[in-house]
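User: I should like to learn how to read the features of a protein model, step by step. May we work through one example together?

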Amino acid sequence: MAESKKCDSEESVTLDLLKKKMDDFAKERDWEQYHSLRNLLLAMVGEVGELSEIFQWKGEVPKGLPGWKEEERTHLGEELSDVLLYLVRLSDMCGIDLGKAALHKMELNALKYPAPLKNDDHRN
């Protein structure tokens, strides 16, 4: 079984790297049998719920999380990571290139919601 390695802060993190690490992680533990699309989706939804709990009673939180304790920030990072990792694994198991799909979606959104011209008056 492969040893767990700490992430090298100099290592560039890409979706492909995460996809490979998630695939290796599942294979090393013989968890592929449990990674049906439905199970991955439901696991991700559960993690979104855990992420939601962090913000549940905080009201509106300003950008940068001012006033948050370091352990709160760490917990948030862990829950965000859980959601990301399940999303990466789900997209991989579906055969979807998540990076390309996201860029395509942004292009569609730009067409659907064009940026206003600089001289447009937004006070209408």
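User: How many Å should the 25 residues of H3 span at 1.5 Å a residue, and how far apart are its end C-alpha atoms?

Analyst: This is a predicted model. The expected span of a helix is 1.5 Å times one less than its number of residues. For the 25 residues of H3 this gives 36 Å, and the end C-alpha atoms are 36 Å apart, so the two values agree. Helix H4, residues 98-112, can be read likewise: its 15 residues reach 21 Å from the first C-alpha to the last, close to the 21 Å expected.

User: Which elements make up the secondary structure of the protein chain?

Analyst: The protein chain has four helices and zero strands. Read from the N terminus on, its elements run α-α-α-α. Of contacts between residues at least 6 apart in sequence, 64% join residues at least 24 apart.

User: How is the packing of two helices described, and at what angle do the axes of H1 and H3 cross?

Analyst: Two packed helices are described by the angle between their axes and by the distance between those axes. Here the axes of helix H1 (residues 15-28) and helix H3 (residues 70-94) come within 9 Å and cross at roughly 85°. H1 is therefore roughly perpendicular to H3. By class, their contact has seven nonpolar, no polar and four charged residues. On the H1 side the residues are Leu15, Leu18, Lys19, Met22, Asp23 and Ala26, and these meet Leu84, Leu85, Val88, Arg89 and Asp92 in H3.

User: Which residues of H3 are buried, and against which helices do they pack?

Analyst: A residue counts as buried when its relative accessible area is under 20%. In H3 the buried residues are Leu76, Glu79, Val83, Val88, Arg89, Leu90 and Ser91. They pack against H1, H2 and H4. In the protein chain of 124 residues, buried residues make up 15%.

User: Why does Arg89 count as buried, and with which side chain does Arg89 make a polar contact of 3.1 Å?

Analyst: Arg89 counts as buried because its relative accessibility is 1%. Its side chain makes a polar contact of 3.1 Å with the side chain of Asp23. A further polar contact, of 2.9 Å, joins the side chains of Arg89 and His35. Leaving aside neighbours within four places in sequence, Arg89 is in contact with Met22, Asp23, Ala26, Glu32, His35 and Leu40.

User: Where is the place of His35, and is it buried or exposed?

Analyst: His35 is in the loop between H1 and helix H2 (37-55). With 14% relative accessibility, His35 counts as buried. Not counting residues up to four places away in sequence, His35 touches Ala26, Leu40, Arg89 and Met93.

User: In which helix is Glu47 found, and with which residues is Glu47 in contact?

Analyst: Glu47 is found in helix H2. Its relative accessibility is 13%, so Glu47 counts as buried. Beyond its neighbours within four places in sequence, Glu47 is in contact with Glu79, Asp82, Val83 and Tyr86. Glu47 and Ser81 are 34 residues apart along the chain, while their C-alpha atoms are separated by 9.3 Å.

Definitions and conventions: Residues are numbered from 1 along each chain as its sequence is written. This is a predicted model: local features need pLDDT of at least 70, side-chain atom pairs count only at pLDDT 80 or more; totals for chains, interfaces and linings use all residues. Side-chain values use heavy atoms; hydrogens and water are left out. Axes are lines fitted to C-alpha atoms, for helices over the stretch in contact, and angles run from 0 to 180 degrees between N-to-C directions. Angles under 35 degrees count as roughly parallel, over 145 as roughly antiparallel, 65 to 115 as roughly perpendicular and the rest as oblique. Contact means heavy atoms within 4.5 Å. Ala, Val, Leu, Ile, Met, Phe, Trp, Tyr, Cys and Pro count as nonpolar, Asp, Glu, Lys and Arg as charged, and the others, Gly among them, as polar. Buried means under 20% relative accessible area, exposed over 50%, partly exposed in between (1.4 Å probe, protein chains only). A polar contact is a pair of N or O atoms within 3.5 Å; within protein, one must be able to donate a hydrogen and the other to accept it, and residues adjacent in sequence count only if both atoms are side-chain atoms.
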